Each structure stands twice: as C-alpha cells, then as structure tokens.
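Biologist: Please bring up the model so that we can go through a few points together.

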Amino acid sequence: MKLDAVDREIIQQTQAGLPLVSKPYHAIAEKIGITAQEVIRRMTCMQEHGIIRRIAAIPNHYRLGYRFNGMTVWDVDDQYIDELGAKVGQLTFVSHCYHRPRHLPEWPYNLFAMVHSKTEQEIKIQIDVLSEMLGSYSRGHDVLYSTRILKKTGLRIKNYVSA
Amino acid sequence: MDDTDKAIINYLQKGFPICESPYQLVSEQLGIPEAELLQRLQKLLDEGTLSRFGPMYHAEAMGGALTLAAIKAPEQQFDEIAEIINRFPEVAHNYQRNHDLNLWFVIATESSDRIQEVIQSIEEQTRLQVYNMPKCKEYFVQLQLEA
C-alpha cells in the first residue's frame, strides 16, 4: 500500500493519540478538511494493510504494577524458529517477539521475547513456561533485565508529511 | 484506579473500532455511559496510567527503518558512552542491561541507509563495536497486561 499526502496527514494528526470526543474520526476529518467517511475508509484500509498495527490503549507497565520486565533471549534452531516464535507470541505475558541475527561467538541468541510481571516469582514462572515450550529446541538462553532507562523518547515519526 | 478503570484498560488494550461513534459502541460493551468513558479515559491519560491511546503505526510500513543494537561499554567509561549514544536524535530508547552487552538501544530513521550511517558514527565516536540486531522476523503478539 502506497501512502499519499492525505494518509500522511491522518498519521500526523493521530500519532500522538485519538481525540477524546464522541465522534473522533469526524474531529480528525474536520482538521484535515475531508469527510469523516473518508477518514474512516482510509484508516480501515491502513489497518488492513498493517500500517496501523491496531488502535488501542497502551498502559504504563510500571503504573499497573509490572515492575519486572525482562528480555528473554534463546538460541533455537533456525529451521524451527518461525514455528516457535509464533507459539511464544501467543503467550499473554509476551509483549514483543522477534527473530534477530546471532553474533557468534559472544551472542548465540536468535529468538527474543520480552516478558512482564508484577513479582519476581511470577517472572520466574514465565521463564519456566517459555523454557518448557521451547524444550529441546533451545540450546541455551539468558534473561536481561533493564537496570536503568537512559533514554526513552519513543518512535514519534517527525516530518512525515513532507517525506 | 477502581474496577471500572480496570475494565476500561483491559478492554481497550485489545483494540478500538473505526466507525461513526466508536466510544458509544465501547461504552455499551462496558455498560457505562459514553460521557463517563471519555472522562475516565482522559483521567487515566492525565495521570499517566495509560501512556497513550490511539493508532499504533508501523514504522517500516510507513517507509521508516528500525533496529535494535547493543554495545559493550567498559564500566569506567559507561556514562560517557551512554551520553554519546543518547546525543543521536535517531536513538529512540537506550537501556542499561545486566550483561557484557550492557547498553541496548533502538535506532529509528526515515530510511534504511541512514541506520548504517548512524551505527558507523556511533562506532567512530565510541571506538566500540556496535552489535546490530535488526529483526529478521516479527511474530504476532497478544499481550494483555491485566490491570
């Protein structure tokens, strides 16, 4: 799907959030100077094509009490990684799941899954669930916890209208 | 945060409709008036319980590029190295993690060529190797953080 100038204007108007008014798509339409039907049609199309992953509320993990956030990394056979990654992604406590390249010999891990929990005990259980799911397909794993957030500005795309 | 707030958070993590009156539709599902839903959402955003509410756009699908990269910063130079990396506007997140690879950062640019340039500049300025780990594949997730 090729984005045009109007799509980019919709992105620009909504990337910080959806208007909190009864008819939000009308509000966006009014700002851009097109009809609400056009906004609805274009956003539906962008969602169908994966430009919009989904429209949703993103909670602050820490505010909901999720203090234990770990990056679990696994060394699994490339041949089975897609099958395993798809299964891992289905777990409700996994927020991101990716196949990434190894950097041998120091970094043998190719499957990354971010997990979130409220207690240390719970995160250990989550890692056990993952371990069991991956079973003998996993030749080794590690869990990296963030000890400090040094920067977090988010992925705001700037100047997209002129791009 | 009461039970109604929790119900709203849990419901809206799953998705939100694109239609004429989407809040009304959601409020009927939750069994509360639309005005109350809007007011509670505003409060949850204002107090920071929700970091955001709206469409999540796919950077690559919009023509941008993203990668995850890591570096082994020697302990004595840690703060200095972190600062060099943070100075790049293309670096969106930077976390310290408990591993030899102790700095993990996300680089977001408007083109994939630019990713390589940023990595090269970071390597020149830090005199350290950047381990580039762009995703080969992303797996669909069903995250639901129970409020």
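Biologist: Is B:Arg127 buried or exposed?

Modeller: B:Arg127 counts as exposed, at 76% relative accessibility. Buried here means under 20% relative accessible area, exposed means over 50%, and partly exposed lies in between, with a 1.4 Å probe and protein chains only. Please note that this is a predicted model, in which local features need pLDDT of at least 70 and side-chain atom pairs count only at pLDDT 80 or more, while totals for chains, interfaces and linings use all residues. Residues are numbered from 1 along each chain as its sequence is written, chains are lettered from A and ligands numbered from 1 in the order in which they are written, and side-chain values use heavy atoms, leaving out hydrogens and water.

Biologist: Where does B:Arg127 lie, and what is its phi?

Modeller: B:Arg127 is in the loop between helix H5 (112–126) and strand E5 (130–132) of chain B. Its phi is positive, about 55 degrees, although the residue is not a glycine. Most residues other than glycine have a negative phi. Helices (H or I, at least four residues) and strands (E, at least two) are DSSP runs numbered from the N terminus.

Biologist: And B:Thr126, buried or exposed?

Modeller: B:Thr126 is buried, with a relative accessible area of 6%, and belongs to helix H5 of chain B. Leaving aside residues up to four places away in sequence, B:Thr126 touches B:Ile71, B:Ile81 and B:Ile84, where contact means heavy atoms within 4.5 Å. B:Ile84 is 42 residues from B:Thr126 along the chain, and their C-alpha atoms are separated by 7.2 Å.

Biologist: Which residues does B:Leu101 touch?

Modeller: Not counting residues up to four places away in sequence, B:Leu101 touches A:Trp107 and A:Leu144 in chain A, together with B:Ala70, B:Ile71, B:Lys72, B:Tyr131 and B:Met133 in chain B. B:Leu101 is buried, at 1% relative accessible area, and sits in the loop between strand E3 (91–97) and strand E4 (103–109) of chain B. B:Ile71 is 30 residues from B:Leu101 in sequence and 5.3 Å away in space, C-alpha to C-alpha.

Biologist: What does the overall layout of chain B look like?

Modeller: Chain B has five helices and six strands, following the pattern α-α-α-β-β-α-β-β-α-β-β along the sequence. Its radius of gyration is 20 Å, well over the 15 Å that the globule rule gives for 147 residues, so chain B is more spread out than a compact globule. That radius is taken over C-alpha atoms, and the rule is 2.2 Å times the number of residues to the power 0.38. The C-alpha trace spans about 60 × 35 × 25 Å along its principal axes, and 53% of the residues in chain B are buried.

Biologist: Switching to chain A: how many helices and strands are there?

Modeller: Chain A has five helices and five strands, in the order α-α-α-β-β-α-β-β-α-β. Buried residues account for 45% of its 163 residues. Among contacts in chain A between residues at least 6 apart in sequence, 62% join residues at least 24 apart.

Biologist: How do helices H4 and H5 of chain A cross?

Modeller: The axes of helix H4 (residues 81–89) and helix H5 (residues 120–134) of chain A come within 11 Å and cross at roughly 150 degrees. That makes H4(A) roughly antiparallel to H5(A). Axes are lines fitted to C-alpha atoms, for helices over the stretch in contact, and angles run from 0 to 180 degrees between N-to-C directions. Angles under 35 degrees count as roughly parallel, over 145 as roughly antiparallel, 65 to 115 as roughly perpendicular and the rest as oblique.

Biologist: Which residues make that contact?

Modeller: A:Leu84, A:Lys87 and A:Val88 of H4(A) meet A:Leu130, A:Met133 and A:Leu134 of H5(A).

Biologist: What about helices H1 and H2 of chain A?

Modeller: The axes of H1 (residues 5–14) and H2 (residues 24–32) of chain A come within 10 Å and cross at roughly 120 degrees. H1(A) and H2(A) are therefore oblique to each other. In the contact, A:Glu9, A:Ile10, A:Gln13 and A:Thr14 of H1(A) meet A:Ile28, A:Lys31 and A:Ile32 of H2(A).

Biologist: One last point: which form does the peptide bond from A:Leu104 to A:Pro105 take, cis or trans?

Modeller: The bond is cis, with omega near 0 degrees. Most peptide bonds are trans. A:Pro105 is in the loop between strand E3 (94–99) and strand E4 (111–117) of chain A.
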